[in-house]
Amino acid sequence: MVNFKRTTRTGLLYVMPLVLFVAVFMVYPVFYNILTSLFDWNGISKSKDFIGLRNYSDLFGDPVFWITVKNFFLFAFFTVFTQAVLGIVLAFMFSRKFYGSDFAKSVIFMPAMLSSIIMGTIFFRLLDPNVGFLRIPLKALGISAPLSNPDLAFWVIILVNIWQWTGYSMSLYFGSIVSLPTELFEAAKVDGVGNVKLLTKIIVPLVRGTTYNLTIIGIIGALKQYDLVASLTGGGPANSTQTFTTYLYDAAFTNYKQGYASAIAFIMFLIALAVTVIQLRMYNSKDVG
């Protein structure tokens, strides 16, 4: 007969390292961050002043915080939507083999292999109003120094992000499309279904699982967007391009307000948790392909 107590003990021993890892590196930091957000602390001295929820009240009363929230929603919506549309269109196009398609796919995917710091540095040089290569076509359009314009700077960041990550979306959609049954495309061809209807009415619903995954990745990426903003604008001009992470960094390491920064981090945690729960419920509520 099986000794269930011994089996249970053995099983607990196997999972204990993972449980300890999660507890020490995931659960404990969350609770420590919540606790820190209740104090006025510069992050250096040993003394901390308990102030309760004042950091949160100050946070919600800060106009820069609401600029950050607006930027998060703008960034998440436009990058996720545009990359999904461009990604699935490109993937559908490349699923129809043609001369040079493999090379074209590699070129489009290449920016995704580079870090955002590198991409930001490249575009910072390209958009330089004095020597940047893009200054000439931009001047022809009546645009001068877009990174110094509060009305344009954040849209530049969005466009650079779309340019960098569209190839990644394309690659995931491509894998989903080529895994669909070939009989589906043959039947559509026999029935005279055009490419537009084939894409919108048949392929898009069948690859919605990929769309859900890319949505989760894109929204979480928008929430923790730092590298691109830091290398292009640093959160300026006039805080117009602040994101949660640049706002948190300034609070913690420029203004030495660690408690305030912890409050920002906890708000980020709640947003990430809510987004993930909603998306996973959507994913699990349907027969996702």
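A salt bridge, here a side-chain nitrogen of Lys or Arg within 4 Å of a carboxyl oxygen of Asp or Glu, joins the side chains of Asp102 and Lys105, with 3.5 Å from N to O. The model is a predicted one, in which local features need pLDDT of at least 70 and side-chain atom pairs count only at pLDDT 80 or more, while totals for chains, interfaces and linings use all residues. Residues are numbered from 1 along each chain as its sequence is written, and side-chain values use heavy atoms, leaving out hydrogens and water.

Asp102 and Lys105 are about one helical turn apart because they lie 3 residues from each other in helix H4 (residues 101-109); helices are DSSP runs of H or I with at least four residues, numbered from the N terminus. Asp102 also meets Lys97 in a salt bridge, at 2.9 Å from N to O, so Lys97, Asp102 and Lys105 are linked in a network of salt bridges. The structure holds 2 salt bridges.

Elsewhere, helix H3 (residues 63-95) and helix H10 (residues 208-223) have axes that come within 9 Å and cross at roughly 145°. These axes are lines fitted to C-alpha atoms over the stretch in contact, with angles from 0 to 180 degrees between N-to-C directions. The contact (heavy atoms within 4.5 Å) involves Phe72, Phe75, Ala76 and Val80 of H3, with Thr215, Gly218, Ile219, Ala222 and Leu223 on the H10 side.

How values were computed: Helices (H or I, at least four residues) and strands (E, at least two) are DSSP runs, numbered from the N terminus.
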